[in-house]
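Student: Could you take me through the aromatic rings of this protein, with a close look at how they pair up? I would like to know what surrounds them as well.

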Amino acid sequence: MKFQNDYGYFTDDGKEYVITRPDTPKPWVNVISNGSWAFVVSQSGGGFSWWENSNLARITRWEQDLARDEWGKYIYVKDRESGDHWSLGWKPVCREFEKYECRHGLGYTVLSAKYRGISSAVTMFAPRGEQLELWKVSLKNESDTVKSLSMFTYFEWLLGNKDDTHREFHKTFIGTEYEKDLRALYGIKRKQLMLEGQIISEWPCEAFFASSVEPEFYEGDKDNFIGMYRTMADPAAVEKGVLTNTTGRWNDSIASLQVNVELNPGESKDVVFMLGMSQGRARDAKAIGKYSIVKNVDAALSEVKKFWEEMLSGLIIKTPDDAMNIMTNTWLKYQAISGRIWGRCAYYQSSGAYGFRDQLQDSQIFLPLDTSLTKKQILLHAAHQFKDGTVYHWWHTLAEWGPRTKKVDDLLWLVFVTLSYIEETADFGILKEKVKFADGGTATLLEHCERSLKKVLSRFSKRGLPLIGEGDWNDGMNFVGVKFKGESIWMAHFFADIIKRWSEEVLSSKSVNNKPAAKKYLKKFADLKNAINKYAWDGEWYWRATCDDGSLVGSSKCKEGKIFLNAQIWAVIAGTGTEERIKKAMDSCKKYIYRDYGAILLYPAFSEPNRKIGYISRYAAGVRENGGVYTHAATWAVIAESLRKNPELAFDLYSKICPPNRTGDIDHYKAEPYVTPGNSDGPDSVNYGRGSWTWYTGSAAWLCRAGTNWLLGVRPVLEGLLIDPCIPKSWGGFEMTRKFRGAVYKITVSDPNHVSHGVREIKVDGKKINGNIIPPFKDRKVHLVEVSLGRR
């Protein structure tokens, strides 16, 4: 039991989080996706399901209420002899179980309980390549008497837009049908009537819910199941012990199947329930038939486990820090892939859409695992760029629509992640890929990237600094430059980093060989660095932005929001600050920004709305971007301090935002200790240190990269794998297994003299190499790498 608290623990291998009591401080969930079908399930049994897009094609109804967590897909059990009833998850009945356990794993969750002689386990997962989920229900009679039980499933059909809050209106479009031969209750939502050119607001669905055994009865009407003025804990249908076989188009549509089970003492039985997107009754019948056989269900679960084992195996570390090992080897990768890229949804935020900058950054998680998936994401996002270089801020799949805003950084992440991909793969061929524009026509990815850069270059102030528009990386600063007069210093650092790398790695390469353009961008880098240091230095740090009227944001002259994290750390990452100023800026971070729970985004927080700033100032002080630890940016502070070779500080900043380390104050922290939160409250909040907005955050991929690429210091460059660790003195070394360009590298780093950084010697397969870059072998073999730290 690792990192055990009052509510649960990690298993020894770190691949499961086991919750031992259901009343966690907030819902602790698992976001399970196979890339098409997805669902979220909490430790209490709450949650919902969707297909492709959690906003436009949500299958089951759910309302966001993290205090009660009373919306879910439930299974009630009734003892027909005693009349007693309970639910197989803690919710909605909330019985006092003799034992209760929720086991969240990679691609599956198991809810186990024991109540009055009956042990149960509900194993939930989405098989690979299928548009459905399975619930394998295992019941065992551990008493010495025969048990006559009835199971009643329950959930409400939604079958379309998540914003179906006017239920009395939307329920009139939903109907149910029962297919006896398939043992399935269907939910069907009738399609919208669309005028030509209209944008769809949902994807009306037809879905089925089936059982592996013949149900005794079924129910499609909520009124009949719950009963008037009853609660979910005590529904009328369960009390009566029989469903009414009601279906049709005139109800508040639900899906309930009643399955009766007889259990002799010591006897066990399995029943499988299937919830899926209809693909036509004939194909549905094949799927239902297949998964009505328990051995096929078990085989499908084994396939899911094998998939995740193989997917995550491309990057494995072994350090003296268990929290880092667990999060890097398992949960950060799983969170980024299942939750952010595939599911795009969680309890705190139900998105469904692709954020242009968001999932692009997230896709960097695939680079040491399967580079083809990063490439796929790059090309997908490039196809949502317009010919003038601008992009959708986000867009919905299925509907293919979204806002074309004036956020100024979105388009640059296409270039940034393309550079990350090329550094990992040396695959310049991606630049020749033809990709469409959102408004017609096609061009190579190289041209798409060039149009992003040229658009940004067209948005510069007279002082040679990029304009902030309706916000840069920080969406909440949406009023700073709406007239396109305000400037962004973070954007200046970020753009400088990109054009320098673009010119040196792409334009100067043999594949592209555009030396004039490379020279032009390098001059722009020099000019931009000069402008940053001429205009943006505040005396002890770099200010963050100017408003349209020229007033400063992130200056010592400001009443609130005097210093911003990103304007300092990106001066380090991009190399745009002078050494003297970087030292002062980072010392200021230590004084004002680095706090008990990580690096806060700004200080002090805004205490009241500011029309010059934007909605960030509407947040309560210390919450989210308004002076909270915004975990995404806090990972960049780890990178900056690693680059400055401050190992103890870098690791301290890492440890403070590494979730298992909050186990000691879990009742205050509240969030799941196995995934990153989007934020934890800053010092200006009365809930200082409280975690929130878990799963759906870009911090998972970045925390993984910050830890492996900069703290452990194994990162790809065009020439190969650069070895540049910056580790705590107490460690003495670490191990890493990493895929890279068609080979596997087993790396052992030794630091016997505890110098923390500086490579003295590297041996590859027993032979000493010059320098600290391991060349790519591309031979599909395993290579042993021995690294010794110290002075040469």
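**The aromatic rings**

Tutor: Let's start with Trp636, which has a relative accessibility of 0% and so counts as buried (under 20% relative accessible area; exposed is over 50%, partly exposed in between, with a 1.4 Å probe and protein chains only). Bear in mind that this is a predicted model, where local features need pLDDT of at least 70 and side-chain atom pairs count only at pLDDT 80 or more, while totals for chains, interfaces and linings use all residues. Residues are numbered from 1 along each chain as its sequence is written, and side-chain values use heavy atoms, with hydrogens and water left out.

Now for the pairs. Rings of Phe, Tyr and Trp (its six-membered ring) pair if their centres lie within 6.5 Å; planes under 30 degrees apart are stacked, over 60 edge-to-face, and the rest tilted. That rule gives 54 aromatic pairs. In one of them, Phe3 and Phe10 have ring centres 6.2 Å apart and planes at 85 degrees, so the pair is edge-to-face. Phe3 is partly exposed, at 24% relative accessibility, whereas Phe10 is buried at 0%. Trp636 comes back here: with Trp473 it makes a tilted pair, 5.4 Å centre to centre and 55 degrees between the planes. This pair links distant parts of the chain, 163 residues apart, as Trp473 is in the loop between helix 10 (445-457) and helix 11 (489-507) and Trp636 is in helix 15 (residues 631-643). Helices here are DSSP runs (H or I, at least four residues), strands likewise (E, at least two), numbered from the N terminus. Trp473 is buried too, with a relative accessible area of 7%.

Phe3 and Phe10 also belong to one aromatic cluster, which includes Tyr7, Tyr17, Trp28, Trp331 and Trp695.

A charge sits over a ring if NZ of Lys or CZ of Arg is within 6 Å of the ring centre and within 35 degrees of the ring normal. Lys520 places its charged end over the ring of Tyr521, 5.1 Å from the centre, and Arg595 lies over the face of Tyr603, at 4.7 Å from the ring centre.
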